[in-house]
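Student: Can we go through the side-chain contacts in this one? I'd like the ring pairs and the charged pairs.

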Amino acid sequence: MTPRKRTGRCATFVLTAALVTGALTGCQSLADAASASCEDTGSRVDALKSYDVLDSRPPGTIVPQGFEDLQAGCWEDSGEAWLYADRTYVFPGDKAEVIQHYEAAAEREGWKPSKATRQALKENRSASLCFTRGKTDDATTLDVYFLTKEILDAEETKTGPDFDAGFGYRVAVNSTADGSAASCSD
């Protein structure tokens, strides 16, 4: 498997939101994040990998070739470090099924939808979803977003024929490396 190039998670969400929904739905403002490094973050990355929602998926979901493994680590972007654990899937059905599945899965794990996510769910829009643990001091977000050609190109990701069977999406648990509170942008 060719490792994906890490683009800034916020940049990915800005691009996704602008292209898919026209509104931001997830990531802490870059101006609000404190500088940090990836040094000694292994145990925190392991904690992100433990969230059950990463392995939860609607029936019929395909794990595409080249994306079999959970992707996790730390990356630094513009002097800021972010931790991530994510999985990429392809779903052959309706995006609404994916949204409904992750809304329920997130709720079971104690995640709370952002204001923008609540609005998208209320309007039954196929938007990116962003959840927090509901604590002001929590440094973790859960993002579910649909992949676009632009996102995959920016990551220099090669997709196989599995992506022709439906639409790609990613489930990601993210955190600031310095442990500062992370939030969804509303």
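Tutor: What follows covers aromatic pairs, charges over rings and salt bridges.

Student: What should I know about the model before we start?

Tutor: It is a predicted model, in which local features need pLDDT of at least 70, side-chain atom pairs count only at pLDDT 80 or more, and totals for chains, interfaces and linings use all residues. Residues are numbered from 1 along each chain as its sequence is written, and side-chain values use heavy atoms, with hydrogens and water left out.

Student: OK, how many aromatic pairs does the structure hold?

Tutor: There are 7 aromatic pairs. Rings of Phe, Tyr and Trp (its six-membered ring) pair if their centres lie within 6.5 Å; planes under 30 degrees apart count as stacked, over 60 as edge-to-face and the rest as tilted. One of the pairs is Y51 with W111, which is tilted, at 5.3 Å centre to centre and 50° between the planes.

Student: Where do Y51 and W111 sit in the chain?

Tutor: Y51 is in the loop between α2 (42-49) and β1 (71-77), and W111 is in the loop between α3 (95-108) and β3 (112-113). The pair links distant parts of the chain, 60 residues apart. Helices (H or I, at least four residues) and strands (E, at least two) are DSSP runs, numbered from the N terminus.

Student: Are Y51 and W111 buried or exposed?

Tutor: Both Y51 and W111 are buried. Buried means under 20% relative accessible area, exposed over 50%, and partly exposed in between (1.4 Å probe, protein chains only).

Student: And why does the pair Y89 and Y169 count as tilted?

Tutor: Because the ring planes of Y89 and Y169 are at 40°, with the centres 5.6 Å apart. Y89 lies in strand β2 (residues 80-91) and Y169 in strand β6 (residues 167-176), so this pair ties together parts that are 80 residues apart in sequence. Y89 is buried at 1% relative accessibility, and Y169 is buried at 0%.

Student: Which residues form the aromatic cluster?

Tutor: Y89, F91, Y102, F146, F167 and Y169 form one aromatic cluster.

Student: What sits over the ring of F167?

Tutor: The charged end of K95, 5.6 Å from the centre of that ring. The criterion is NZ of Lys or CZ of Arg within 6 Å of the ring centre and within 35 degrees of the ring normal. W111 has R133 over its face, at 4.9 Å from the ring centre.

Student: Switching to charges. How many salt bridges does a search of the whole structure find?

Tutor: The search finds 4 salt bridges, each a side-chain nitrogen of Lys or Arg within 4 Å of a carboxyl oxygen of Asp or Glu. Among them, K49 and D46 meet at 3.4 Å, N to O. They are 3 residues apart in helix α2, so about one helical turn separates them. K49 is partly exposed at 36% relative accessibility, as is D46 at 46%.

Student: What about K149?

Tutor: K149 forms a salt bridge with D153, with the closest N and O atoms 2.7 Å apart. Both lie in helix α5 (residues 149-154), 4 residues apart, about one turn of the helix. K149 is exposed at 60% relative accessible area, whereas D153 is partly exposed at 44%.

Student: Which residue meets E155 in a salt bridge, and where are the two?

Tutor: The side chain of R170 meets that of E155 at 2.6 Å, N to O. E155 is in the loop between α5 and β6 and R170 in strand β6, 15 residues apart. E155 is buried with a relative accessible area of 2%, and R170 is buried with 0%.
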